[in-house]
Amino acid sequence: MSKRFSTLLFLVFLAFQLQAQTIAGLVLTSKGQPVSGATVSLLTAKDSTPVRTMVSNGAGAFSFGTVATGSYRVGASFIGFQAAISEPVQSDSTISLVL
């Protein structure tokens with residue numbers, strides 16, 4: 001009984017991990033320079049409901065880990081720049097946003 005339970009638990013965990021995806025990318029200026037400290041938001045593609053928000057790192061990079069399979073938009077903003085919102089992307093994507 002214990003072996004069956006352990007196997008079942010492992011399979012459930014594995015299924016969850018297979019569904020967890022990542023959406024990552026870069027925030028850049030129109031001249032291709034990285035934007036450090038930009039606010040980056042992960043939004044549902046359907047109605048732009050916020051899912052998560054983070055700040056881009058020193059290289060302008062961001063990564064939303066453990067994202068459920070689905071369709072999303074990514075928005076970025078920074079003082080002095082016009083905000084940008086991506087077209088819908090699928091989970092497990094890499095994108096660039098130009099402010």
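**Figure 1. The hairpin of S2 and S3 in the predicted model.** Five residues lie between the two strands of this hairpin, and serine 48 takes a positive phi near 60 degrees. Most residues other than glycine have a negative phi. S2 and S3 run antiparallel and are joined by five bridges. Threonine 39 stands opposite valine 55, which belongs to S3. Strand S3 covers residues 50-55 and is hardly covered itself: the count of buried residues among its six residues is zero.

Figure 2. Of the 99 residues in the chain, 31% are buried. The chain exposes about 6400 Å², and carbon and sulfur atoms supply 61% of this area. Among contacts between residues at least 6 apart in sequence, 52% join residues at least 24 apart.

**Figure 3. The largest nonpolar core.** This core has 17 residues. Ile23, Val27, Val40, Leu42, Phe62 and Val74 are those with the most contacts inside it. At least two residues of the core come from each of strand S1 (21-28), strand S2 (39-44), strand S4 (61-67), strand S5 (71-77) and strand S8 (93-98). In soluble globular proteins, nonpolar side chains tend to be buried together.

**Figure 4. Leucine 42 and its contacts.** What does leucine 42 touch, leaving aside its neighbours within four places in sequence? It is in contact with Ile23, Thr49, Pro50, Val51, Arg52, Phe64, Val67, Tyr72, Arg73 and Val74. Leucine 42 is also among the residues with the most contacts inside the largest nonpolar core, as are Ile23 and Val74.

**Figure 5. The pairing of S1 with S8 and the two faces of S8.** S1 and S8 pair in the parallel sense over six bridges. The bridge partner of isoleucine 23 in S8 is serine 93. Which residues of S8 form its covered face, and which its uncovered one? Ser93, Ile95 and Leu97 form the covered face, while Thr94, Ser96 and Val98 form the uncovered one. In a regular strand the side chains alternate between the two faces of the sheet.

**Figure 6. Serine 56 in the loop between S3 and S4.** Is serine 56 buried or exposed? Serine 56 counts as buried because its relative accessible area is 4%, and the cut-off for buried is under 20%. Leaving aside neighbours within four places in sequence, serine 56 is in contact with Val27, Val35, Ser36, Gly37, Ala38, Val40 and Ala61. Two of these residues, Val27 and Val40, are among those with the most contacts inside the largest nonpolar core.

**Figure 7. Arginine 73 and serine 86 in contact.** Arginine 73 is found in strand S5, and serine 86 lies in the loop between S6 and S7. Arginine 73 is partly exposed, with a relative accessible area of 22%. Serine 86, at 8% relative accessibility, counts as buried. Not counting residues up to four places away in sequence, serine 86 touches Arg73, Val74, Ile95 and Leu97. Leaving aside its own neighbours within four places, arginine 73 is in contact with Ser41, Leu42, Leu43, Thr44, Ala45, Ser48, Ile85, Ser86, Glu87 and Pro88. Glutamine 90 is 17 residues from arginine 73 along the chain, and their C-alpha atoms are separated by 8.6 Å.

**Figure 8. A nonpolar surface patch.** Phe78, Ile79 and Phe81 make this patch of about 320 Å². Phenylalanine 81 has its place in the loop between S5 and strand S6 (84-85). The relative accessible area of phenylalanine 81 is 35%, so this residue is partly exposed.

**Figure 9. Positive phi at threonine 66 and aspartate 92.** Threonine 66 lies in strand S4, and its phi is near 50 degrees, a positive value in a residue other than glycine. Where is aspartate 92? Aspartate 92 lies in the loop between strand S7 (89-90) and S8. Phi of aspartate 92 is near 70 degrees, again a positive value in a residue other than glycine. At 53% relative accessibility, aspartate 92 counts as exposed, because the cut-off for exposed is over 50%.

Notes. Residues are numbered from 1 along each chain as its sequence is written. This is a predicted model: local features need pLDDT of at least 70, side-chain atom pairs count only at pLDDT 80 or more; totals for chains, interfaces and linings use all residues. Side-chain values use heavy atoms; hydrogens and water are left out. A nonpolar core is a set of buried Ala, Val, Leu, Ile, Met, Phe, Trp, Tyr and Cys residues joined through side-chain atoms within 4.5 Å. Buried means under 20% relative accessible area, exposed over 50%, partly exposed in between (1.4 Å probe, protein chains only). Helices (H or I, at least four residues) and strands (E, at least two) are DSSP runs, numbered from the N terminus. Contact means heavy atoms within 4.5 Å. Two strands pair if DSSP finds at least two bridges between them. Patches are made of residues with over 30% relative accessible area and no salt bridge: like charges are joined within 9 Å, nonpolar side chains (Val, Leu, Ile, Met, Phe, Trp, Tyr) within 5 Å. Accessible areas come from the Shrake-Rupley method with a 1.4 Å probe; for residues, only the protein chains shown count as cover. A salt bridge is a side-chain nitrogen of Lys or Arg within 4 Å of a carboxyl oxygen of Asp or Glu.
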